[in-house]
Amino acid sequence: MAKVVLEHIYKVYPGDVVAVKDFNLDIEDKEFVVFVGPSGCGKSTTLRMIAGLEEISKGELKIGDRVVNDVEPKERDIAMVFQNYALYPHMSVFDNMAFALKLRKVPKEEIEKKVREAARVLDIEHLLERKPKALSGGQRQRVALGRAIVREPKVFLMDEPLSNLDAKLRVQMRTEICKLYQKLQTTFIYVTHDQVEAMTMGTRIVVMKDGIIQQVDTPQNIYQKPANMFVASFIGSPQMNFLEGKVEEENGAYKAYFKKGGEVRFPKEKGDKLKAQNKLGEMIIFGIRPEDLNDKEKYMKANPDCIIESNVEVTELMGSESYVYTKFNNQDVSIKLNYASDLRTGDKAKFYMNTEKMHIFDRETNLNIG
């Protein structure tokens, strides 16, 4: 069993600087959990506490059935892959991968077998005699992964392992790590600030801000049901649009009125939910993803009461899709079209807003209330 349990974990540095606050999480055996958040949110600190590289200020950490707060890193049966690879420059690839096994006094034949098997899995058999300086970034990352694999740990810890790679290699290595996870069937805990990595790799995502967990859920639920405005804005590219306004009931139907002008039909189910919370007529925050607006004629004809008009400021053509950045009544609205748009800077354009997909946030708490 390689279940990892963190109960009320705190990390406080001298001067009462709280890096991680009341962190509670159960990571099941064979899960791939990703910690994601902006720089300084406490994700790497949490990972280092699990590894034993940072002391836990308060709380209890279990790996398997054992409390490991005071257990040395080498006794925790974990393996960590660092951002900078941390390879020994004077050793060959083989010796780098074999180093931890030699320290454990593992028999030579077994070391040979384990290193060559890991090298085969990672497609680096032909590099075993080279030194790290003769390797590319991607090859060094594979060696670092290989060094972790040969130890057959209960838990793999990865601290932004792809951030030093170029964009193309990052995508390739992302796929390789996912394949590796499927092959090894063990627990992975992965830290990144890249929300694309988080969404594509994790079975569950832990979104952090200021040392506090904001939401823990599957990638799909994090995207479709964000707990608050921070999660909604951090996950998704371009980020979710936020517009201030209020909802009013008129003759049994609902309308959304935007603070700086403009109105659209508001879904009955969402309106009823706001009514039950006594939020009708109160200022709230509407959130809508860029892909939930478009300028296709068929949608605008079918939904004449869900149209906004805005001024195009910038258009980015991304090959098969377009990002259109507009101003709607002095508010920024980003639109993601799944086709190459011919809109240009200065154009006035109308867009259908799919209000069924709209999120509602409380203006005071920033929590998702609809």
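How much space lies in the largest pocket? About 550 Å³. The model is predicted: local features need pLDDT of at least 70, side-chain atom pairs count only at pLDDT 80 or more, and totals for chains, interfaces and linings use all residues. Residues are numbered from 1 along each chain as its sequence is written, and side-chain values use heavy atoms, leaving out hydrogens and water.

**The largest pocket**

- A pocket is an open set of points on a 1 Å grid over the protein atoms alone, where a 1.4 Å probe fits, with protein on both sides within 12 Å along at least five of seven lines.
- Its lining has 18 residues, counted if an atom is within 4 Å of a point.
- Lys74, Ile78, Tyr88, Ala100 and Arg151 lie nearest the pocket's centre.
- Strand S6 (78–81), helix H2 (93–103) and helix H4 (137–149) each supply at least two lining residues; helices (H or I, at least four residues) and strands (E, at least two) are DSSP runs.
- H2 gives the most, with four residues.
- The lining has 13 nonpolar, one polar and four charged residues; Asp, Glu, Lys and Arg count as charged, and Gly as polar.

**H2 against H4**

- The two helices pack at an angle of about 30 degrees, with axes 7 Å apart.
- H2 and H4 are therefore roughly parallel (angles under 35 degrees).
- H2 passes H4 in a right-handed crossing, with the near helix turned clockwise from the far one by less than a right angle.
- Val93, Asn96 and Met97 in H2 meet Val143, Gly146 and Arg147 in H4 (heavy atoms within 4.5 Å).
- These contact residues divide into three nonpolar, two polar and one charged.

Key:
Points joined across faces, edges and corners; volume = space filled by probe spheres on them. Axes fitted to C-alpha atoms, helices over the stretch in contact; angles between N-to-C directions. Parallel < 35°, antiparallel > 145°, perpendicular 65-115°, else oblique.
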